[in-house]
Amino acid sequence: MVRKLFKHEMIAYLRVWIPMQIILMAVACSVRILQFFESDSTAYSIVNGTSVLLYFLTVIASLGLTLIFGIVRFYKNLFSNEGYLSFTLPVTTTQHIFSKVLSAGIFMIFTYVSVLISALIVSSGELLSGIMQDLGDFWTEGYALAGSNLIFYVIEALLVLCVVTFTQFLLYYTCIALGQLFRKNRVIGAVVVYFIYYVISQAIGTIFVIFVSLAAESQWIARITQYFTSHVFGSIHLFLCGSIVLELLLATLYYFITHTVIRKKLNLE
């Protein structure tokens, strides 16, 4: 049943995602084709500028649509009238959350890849050749300096991107779950919860920065700084791996809150 649920999620995403990516690629190709007719005329400048603007708007729409669809689908399937049907299925709460966040995260990553491909299409030619040359030089110099560490940096950075993507969806799901505790205006409640979370996270970040600034001259801060300075390559690994662990901890917290609310406080009335 879980496979059928996940398959159903993927099909629902594909119905929206494929048309959006076709539009994105079509706009990218049109921008590239216009480059073959480059001229100094005012008409060309207007048309080319409009096409580039349209491309950037399409990229934003593609990313935004994938994000919004993942959020809306979670809300409609579990907290609207569709929830009555969803919770009659022989599927646990964990499996519902897992299928939703996995499908949303996968298609967001697919969208990242699609946007990258569209950017390669737009920049193909001399511009792309220059970019690839710069990247090649950067990789050669970086590998000569860091050795095999550079390969692990790339892998760890990609893992950070993936984990952050899934964690962000879990955060939105947590806000939706807590927002439905409001008797009325549950969508507004979810927005309020997210706003409170944002304010608290910013306050914690500010307090942390102030604390580090005030303790900058302390002995333990000096030791940490000295370690990072003398172990640069290891420090980068530590930062990236630490980011992954932190995001996983946050994901666990978001999942626990969402699961608890659905299990004990769900009210579809």
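Helices here are DSSP runs of H or I with at least four residues, and strands are E runs of at least two, both numbered from the N terminus. With that in hand, select helix α9 (residues 232-264) and find Leu249 in it.

Before going further, a word on the model. It is predicted, so local features need pLDDT of at least 70 and side-chain atom pairs count only at pLDDT 80 or more, while totals for chains, interfaces and linings use all residues. Residues are numbered from 1 along each chain as its sequence is written, and side-chain values use heavy atoms, with hydrogens and water left out.

**Stop 1: Leu249.** Show its side chain. Is Leu249 buried or exposed? Leu249 counts as exposed because its relative accessibility is 56%; the cut-offs are under 20% for buried and over 50% for exposed, with partly exposed in between (1.4 Å probe, protein chains only).

**Stop 2: Gly179.** Move to helix α6 (residues 149-179), where you will find Gly179. At 0% relative accessibility, Gly179 counts as buried. Select what it touches (contact means heavy atoms within 4.5 Å): leaving aside residues up to four places away in sequence, Gly179 meets Arg186, Gly189, Ala190 and Val193. Val191 is worth a click too, 12 residues from Gly179 in sequence and 7.4 Å away, C-alpha to C-alpha.

**Stop 3: α2 and α4.** Two packed helices are described by the angle between their axes and the distance between the axes. Select α2 (residues 42-79) and α4 (residues 93-123): their axes come within 10 Å and cross at roughly 175°. Axes are lines fitted to C-alpha atoms, for helices over the stretch in contact, and angles run from 0 to 180 degrees between N-to-C directions. The pair is therefore roughly antiparallel, a label for angles over 145 degrees.

From α2 come residues including Tyr55, Leu63, Arg73 and Phe74, and from α4 residues including His96, Lys100, Phe107 and Tyr112. By class, this contact has 13 nonpolar, 7 polar and 2 charged residues. Ala, Val, Leu, Ile, Met, Phe, Trp, Tyr, Cys and Pro count as nonpolar, Asp, Glu, Lys and Arg as charged, and the others, Gly among them, as polar.

**Stop 4: the whole chain.** Zoom out and colour by secondary structure: there are 9 helices and 0 strands. Of the 269 residues, 33% count as buried. Among contacts with a separation of 6 or more, 81% join residues 24 or more positions apart.

Terms used:
Parallel < 35°, antiparallel > 145°, perpendicular 65-115°, else oblique.
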